[in-house]
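Subject: Structure handover

Hello,

Here is the structure for you to take over. My notes on it follow below.

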Amino acid sequence: MGRKELLGGAKRIVVKIGTSTLTNADGSLNERLIKSLVAQICKLKDAGFCVALVSSGAVGAGMGLLGIAQRPKILSRKQALAAVGQVALMHLYERLFWAHDRIIAQLLLSRGDFSDRARYLSVRNVCAELLSRGIVPIINENDPVVADELKVGDNDTLSALVAGLIDADLLVILSDINGLYDKNPSEHADAKLLSFIEKIDEHVVKMAGGEGSKFGTGGMATKIAAAQMANQIGTSLIIANGRTDGILLKIAAGEEVGTLFSAGAARLSSRKYWLAYGAISKGAVIIDAGAAEAIKSG
């Protein structure tokens, strides 16, 4: 079965754009490329697709604006950079979508918006309302105010959670690599791009290694994990190079670009998906004196 047949019914799409795609080598926003991606999203919407955008780049944009070469390790500095960069990022998106007569909305989410059921349903309802009105939700983690232990962690994972949130048919992760290779292409000249992954097994997981760029957090391992998550909800996932001309239109047309992780027929219900990946298990075991003594003597 070809790409067109596998993705023929995909009309609700989450597009995740990584920092390495959005920014130049110095961390500044790549306006030319972002302009192209926005134009492609608008063409998809004109063709009847429903699109939500998960956008990285806030910290990277902040680094570029402030002339900082390396991503800082101190949390407060990263948060400050995200606060500065998020303004520039959304201002650029607003101008570019406005040129196509499209309205955008910004959603800055945290782990708590997914782990708390009431908040999760609230965000789900907001997204449904925005999409029904033809508005493009642009989603990022609320980095300036969220401590590391309360973070989703990376936008590959966030995009998979959003796919479940809006019942997406397809999740497209755009990065600086063409897809999943059987070995590291930067180290092996004979590395082969894998066009189709039907099942993510241990062998596939081992192919992913390494960290993200100096401006971003997600490497191939987080993308494979996102594919595992998305496939559980019945969402196919494609990893592709965001710098390829017309990449989103090529994907929508069913062209063999990037690596497709097929969702298959089985899928979790929305609630079970939330329980598996959104909810955070917590609790406490209280042992009285008698039980404690029994454990010690046993």
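**What was found**

Gln 40 is buried, at a relative accessible area of 4% (buried means under 20% relative accessible area, exposed over 50%, partly exposed in between, with a 1.4 Å probe and protein chains only). This is a predicted model, in which local features need pLDDT of at least 70 and side-chain atom pairs count only at pLDDT 80 or more, while totals for chains, interfaces and linings use all residues. Residues are numbered from 1 along each chain as its sequence is written, and side-chain values use heavy atoms, with hydrogens and water left out.

Gln 40 sits in helix α3, residues 31–46 (helices, H or I and at least four residues, and strands, E and at least two, are DSSP runs numbered from the N terminus). Leaving aside neighbours within four places in sequence, Gln 40 is in contact with Gly 246, Ile 247, Leu 248 and Leu 249, where contact means heavy atoms within 4.5 Å.

**The chain as a whole**

There are 13 helices and 8 strands in the chain. Of its 298 residues, 48% count as buried. Among contacts with a separation of 6 or more, 75% are between residues 24 or more positions apart. The chain exposes about 14,500 Å², and carbon and sulfur atoms supply 53% of that area (accessible areas come from the Shrake-Rupley method with a 1.4 Å probe; for residues, only the protein chains shown count as cover).

**Cores**

A nonpolar core is here a set of buried Ala, Val, Leu, Ile, Met, Phe, Trp, Tyr and Cys residues joined through side-chain atoms within 4.5 Å. The largest one has 39 residues, of which Val 14, Ile 166, Leu 180, Leu 237 and Phe 261 touch the most other members. The elements that give two or more residues to this core are β2 (50–55), β3 (104–109), α7 (117–132), α8 (155–166), β5 (170–175), α9 (202–207), α10 (220–232) and β7 (236–241). Helix α8 contributes the largest share, 7 residues. A second, separate core holds 37 residues, including Leu 7, Leu 92, Tyr 93 and Leu 174.

Leu 237 has contacts beyond four places in sequence with Leu 170, Leu 171, Ile 173, Ala 226, Ala 227, Ala 230, Asn 231, Thr 259, Leu 260 and Phe 261.

**Around α4 and β4**

In helix α4 (residues 58–66), the residues Ala 58, Val 59, Gly 60, Ala 61, Gly 62 and Met 63 are buried. The buried residues of this helix pack against α2 (19–22), α5 (75–98) and β4. Just after α4, Gly 67 has a positive phi of about 70°.

Asn 140 belongs to strand β4, residues 136–141, and counts as buried at 3% relative accessibility. Not counting residues up to four places away in sequence, Asn 140 touches Ser 55, Ala 58, Gln 86, Leu 107, Leu 108, Leu 109, Asn 155 and Leu 158.

**Salt bridges**

A salt bridge is a side-chain nitrogen of Lys or Arg within 4 Å of a carboxyl oxygen of Asp or Glu. By this rule there are 7 salt bridges.

Arg 102 pairs with Asp 46, with 2.7 Å between the closest N and O atoms. Asp 46 is exposed, with a relative accessible area of 60%.

Lys 223 forms a salt bridge with Asp 156, the closest N and O atoms being 3.1 Å apart. Because Lys 223 is in helix α10 and Asp 156 in helix α8, the pair ties together parts that are 67 residues apart in sequence. Both Lys 223 and Asp 156 are buried. Lys 16, Asp 156 and Lys 223 are linked in a network of salt bridges.

Arg 119 and Asp 113 form a salt bridge whose closest N and O atoms are 3.1 Å apart. Arg 119 is partly exposed at 38% relative accessibility, whereas Asp 113 is buried at 14%.

**Cysteines**

The structure holds 0 disulfides, a disulfide being a pair of cysteine sulfur atoms within 2.5 Å. Cys 50 counts as buried at 14% relative accessibility, and Cys 127 is buried with a relative accessible area of 1%.

Regards
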